[in-house]
Amino acid sequence: KQEPLVLGIETSCDETGVGIVRGHTLLADAVASSVEEHARFGGVVPEVASRAHLEAMVPTIERACDTAGIALRDVDAIAVTNGPGLAGALLVGVAAAKALALGLGKPIYGVNHLAAHIAVDQLEHGALPEPCLALLVSGGHSSLLKVTDVTAGVEPLGATIDDAAGEAFDKVARLLGLPFPGGPHIDRVAREGSSVYVDFPRGLTARRDLERHRFDFSFSGLKTAVARWVEARERAGEPVPVSDVAASFQEAVCDVLVRKALDAAASQGIEDLLIGGGVAANSRLRAMAEERASRLGIRVRVPRPGLCTDNGAMVAALGSEMVARGRTPSPLDLPADSSLPV
Ligand code: KG4
Ligand code: ZN
């Protein structure tokens, strides 16, 4: 008997994603992004994102079905991100998922966006190692999570106390005159720069901070330090070495993320570290995590960059796991919850 065919819908931010999976096999991952419509504002505008989801939803569903070579009626279950995220954006996806579930007479599974960023890895590397330690770094979140059962048991160990890692990348990119979203641009220009050019602060790593915030992150001080450094250069009428500043900033972020993730894994006796979320696409973060983890005998799993940023495949992947583990489907009046906890 074939495993169930699961269609997943993601609309928590600016990507309209529709993914189709069977078991751990990815059949389609269609994404429409409104990122260019937000670029001139330097950040995602919720109202613009909601309208874009509404326009993109049906064509993206059709594109995913075409790619997978299936008809909608073949789908066995619908999964949808019902939080956390932008309220209006989530509502578009949840409404679409309910319409499909009702029309097809199939169950609907509300999934948590953060858990989906973790579950997506099984599409590339097979069944998740559980328990594992997950470092989740995106535009909206930076968290360390202990995952015992990705469909139910995700325990937060720490999180950012101010900006998310991706937000810091985006803000520093803006300071350096790079386009939005800035993460991929910093990653690119940093390759030509020196990561030891400026010794930027490592947030919440001082001994006194570790007592209360051992597994928490803080990036706003780092962002301010970069801003001050750049301003000082400009005031002195000197050029800003963009790639060196980008590389030094990136090094500071990655250093703290990797250090704390490995400390958390070791403290829990966990040997598998999974990195997910948009910032997991960062090439320096991937290399540094691999290098330092291997010295400690910790295995690292990071999905390929295209699966790290928001997409529908991650939602379908978690939905598929919920079906496989016999989780109860959600009621058809499933609410969208912009601050849904993990
Ligand atoms: O997971 P995601 O697509 O959306 C959210 O749920 O937030 O993450 C988007 C974030 C943005 O802040 C973007 O700048 C960052 O991920 N990002 C990166 C890279 N690619 C995307 N940050 C650093 N390096 C990258 N290569
Ligand atoms: Zn995300």
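User: With how many C-beta neighbours inside 10 Å does Glu 192 stand, and does it count as buried or exposed?

Analyst: The general idea is to count neighbours: a residue is buried if 20 or more other C-beta atoms lie within 10 Å of its own, exposed if 12 or fewer, and partly exposed in between, with the C-beta atoms placed from the backbone. Glu 192 has 12 such neighbours and therefore counts as exposed. Glu 192 lies in the loop between helix 7 and helix 8 (207-213), and its C-alpha is 32 Å from that of Val 45, a residue 147 places away in sequence. This is a predicted model, in which local features need pLDDT of at least 70 and side-chain atom pairs count only at pLDDT 80 or more, whereas totals for chains, interfaces and linings use all residues. Residues are numbered from 1 along each chain as its sequence is written, while chains are lettered from A and ligands numbered from 1 in the order in which they are written.

User: How many residues of helix 6 are buried, and what covers them?

Analyst: Helices here are DSSP runs of H or I with at least four residues, and strands are runs of E with at least two, numbered from the N terminus. Nine of the 11 residues of helix 6 are buried, so this helix is largely enclosed by the rest of the structure. Among the buried ones are Glu 167, Asp 170 and Lys 171. The cover includes strand 6, strand 7, helix 7, helix 9 (220-235) and helix 10, where contact means C-beta atoms, placed from the backbone, within 7 Å. After helix 6 comes Gly 177, with a positive phi near 75°.

User: Which residues are the closest to ligand 1, and which elements supply its shell?

Analyst: A residue is taken as near a molecule if its C-beta atom, placed from the backbone, lies within 6 Å of it. Around ligand 1 there are 19 residues, the closest being Gly 139, Gly 166, Gly 183, Gly 278 and Asn 282. Helix 6 (165-175) and helix 7 (183-190) are the elements that each give two or more residues to this shell. By class, the shell holds six nonpolar, 10 polar and three charged residues; Ala, Val, Leu, Ile, Met, Phe, Trp, Tyr, Cys and Pro count as nonpolar, Asp, Glu, Lys and Arg as charged, and the others, Gly among them, as polar.

User: How is the chain divided into domains, and how far apart are their centres?

Analyst: Domain bounds come from an automatic or database domain assignment. Here domain 1 is 5-120 + 311-324 and domain 2 is 130-303, with C-alpha centres 27 Å apart. Their contact takes 15 residues from domain 1 and 18 residues from domain 2. On the domain 1 side, helix 4 (113-119) gives the largest share, five residues.

Methods
Contact = placed C-beta atoms within 7 Å.
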